[in-house]
Each structure stands twice: as C-alpha cells, then as structure tokens.
There are 2 protein chains.
Amino acid sequence: MDDKLDAIFSALADPTRRAILGRLAKGKATVAELADPFALSQPAISKHLKVLEQAGLIRSGREANSRPRVLEPAALKTIADWIADYRRFWDQSFDRLDDYLSKVQGYEND
Amino acid sequence: MDDKLDAIFSALADPTRRAILGRLAKGKATVAELADPFALSQPAISKHLKVLEQAGLIRSGREANSRPRVLEPAALKTIADWIADYRRFWDQSFDRLDDYLSKVQGYEND
DNA sequence: CGAGAATATATCTATATGGCTATATAGCTA
DNA sequence: TAGCTATATAGCCATATAGATATATTCTCG
C-alpha cells in the first residue's frame, strides 16, 4: 500500500501529468491529443503516460491505430481516502457532519 | 499554485514523510521523537522535515533547546480540494449528496 | 506487400533526490 | 565559560527523473 501511495503521489507531483489527468476528466483521448497542448516531444508525453499508468491513474485502450487513454478513478480514491484521515484538522465541522449523515441515512443514495 | 501542488504531492510521495505526518497528527513532536521510529540518521530526518516544511505541510516551533514540529493542515486541504474535482468519477452518490447538503444547510455548522 | 500514421523504446544528458558522515550552531546548565 | 543536548548544514555518492533525438513497432489502407 505504501508503494501504491508512493507511486500515485509521485505521479501527481508534476504539472504536466496533472494537466493530462485534467484533460482525461473530459473523456478518452489519444496520445496525440494529450500531447497537443504541451511544448514537449511525443516521447516525453509517452513517458508521462507510462508513469500515470503504472501508478494506476489511467488505462490504455486499443482502437484501430491508436491507443486511447482513459481515467482510472480508483487510484485517486486511494489517496482521497488517505487524506480523509486528516480532514478533521482543517474542517471543524467534519466530525459533526459525519455524525449527522450517519444518522440521517435517508437521503437519496441508491 | 501549480508549484504549490508540485511541492505538496512530491513531499507526500515518500513513506517516511507520510509516517512523520501520521505521527504529527497525534500532536507536536521534537525532531528526536520524529526520528525515533526510523532506521535513518538524524540529518536524513532533518532533510525530510525541511521538505515537509517547504511544502507547507508542517511548521517549526521553538521551545527551549528544541524545535518542535506541528502539522499545518492548510497544505493538506489544498490537495484535498484538488482531488475533489475528480470525486464524481468514483463516488456515484457525490453529486446528489452535494446537492442535498447545499439545500439542507440547517445542520449544525456554526 | 509497401507506405504512412500513431505510438513506444533506446540512449544520452543534466539535474534532483535520498542517504551517509563529519561538522557547525544554538540554547541550557553547572 | 565549558560542556552537553538538540538540531542544522556541508559535502559526497548512488540512483532516479525529465528532457531530447533517433529508431523501432504496430496498425491501417491502397
């Protein structure tokens, strides 16, 4: 798990890679599309994509000639869960809100 | 802001540093106390602390002979906010819950 | 099958990072 | 002030990372 967190945090510690995730949040994209906004070589982008994929933040597909990438939310959830343990430090109302919700359980939630 | 995120994510991409934050979540601690659980030299720990401090994740105090560290939650909130933009990708109920809360606003929240 | 398009891999270079040991600094306390 | 304690800084080494360019691979299409 530590290794997972290492890889995910490390992958996110780069503005290019975060921007790529931002783009993928709008939907599937090819390598060329992902590279377009940047003044970087295509291999540089491929390298960033490899880092993201190894961290589990994205996945590669296969579509004719191209290998489109999609977001893989599980990895983001992993670190969101990690951070959640610290939430009480900045969000005063968190404990009470959490408490409140656990009692309500009546709101629409499948 | 990108620089800030770079520094924070990068600081978190190390298990030793995350463990230090975990310890500080239980309260203020001296460098010696923070170093204790690890098989690392004192200078190595001091370096990690510097990284955490430059990322804004901790602060140094001054108490007689020692320089105790405390958690600085704002930096963690910064990345929690960043991740929040992706929450809808893994949390199906998020949109509706968010909607629900914005209507209630009557729960105890100062 | 041959050409072109999309992407990956290899190799090289420069810089960053994490660890160590040795040493410096700062504040108590006798 | 001298010495002890707590911590920081300097300098060194090994490895990792982010770029680049050149080249290889894999499909598609005529």
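Two residues are in contact if their C-beta atoms, placed from the backbone, lie within 7 Å. The legends below describe a predicted model.

**View 1. Helix α1(A) meets helix α5(A).** Four residues of α1(A) take part: Lys4(A), Leu5(A), Ile8(A) and Phe9(A). Their partners in α5(A) are Ala75(A), Thr78(A), Ile79(A) and Trp82(A). By class, the residues of this contact are six nonpolar, one polar and one charged.

**View 2. The crossing of α1(A) and α5(A).** Helix α1 of chain A covers residues 2-12, and helix α5 of chain A covers residues 73-84. Their axes come within 10 Å. They cross at roughly 105 degrees. Angles of 65 to 115 degrees count as roughly perpendicular, so α1(A) and α5(A) are roughly perpendicular to each other.

**View 3. The fold of chain A.** Chain A has seven helices and two strands. Along the sequence, the pattern reads α-α-α-α-β-β-α-α-α. Chain A holds 110 residues, and 19% of them count as buried. Now take the contacts in chain A with a separation of 6 or more: 49% of them join residues 24 or more positions apart.

**View 4. The surroundings of DNA strand D.** Around DNA strand D there are 22 residues. The closest are Ser41(A) from chain A, and Thr30(B), Ala32(B), Pro43(B) and Ser66(B) from chain B. Which helices each supply at least two residues of the surface near DNA strand D? They are α4 (42-54) of chain A, and α3 (31-35) and α4 (42-54) of chain B. Sorted by class, this surface has nine nonpolar, 11 polar and two charged residues.

Key. Residues numbered from 1 in each chain as written. Chains lettered and ligands numbered in written order. Predicted model: local features only at pLDDT ≥ 70, side-chain atom pairs only at ≥ 80, totals over all residues. Buried ≥ 20, exposed ≤ 12 C-beta atoms within 10 Å, placed from the backbone. Axes fitted to C-alpha atoms, helices over the stretch in contact; angles between N-to-C directions. Parallel < 35°, antiparallel > 145°, perpendicular 65-115°, else oblique. Nonpolar A, V, L, I, M, F, W, Y, C, P; charged D, E, K, R; others polar. Near = placed C-beta within 6 Å.
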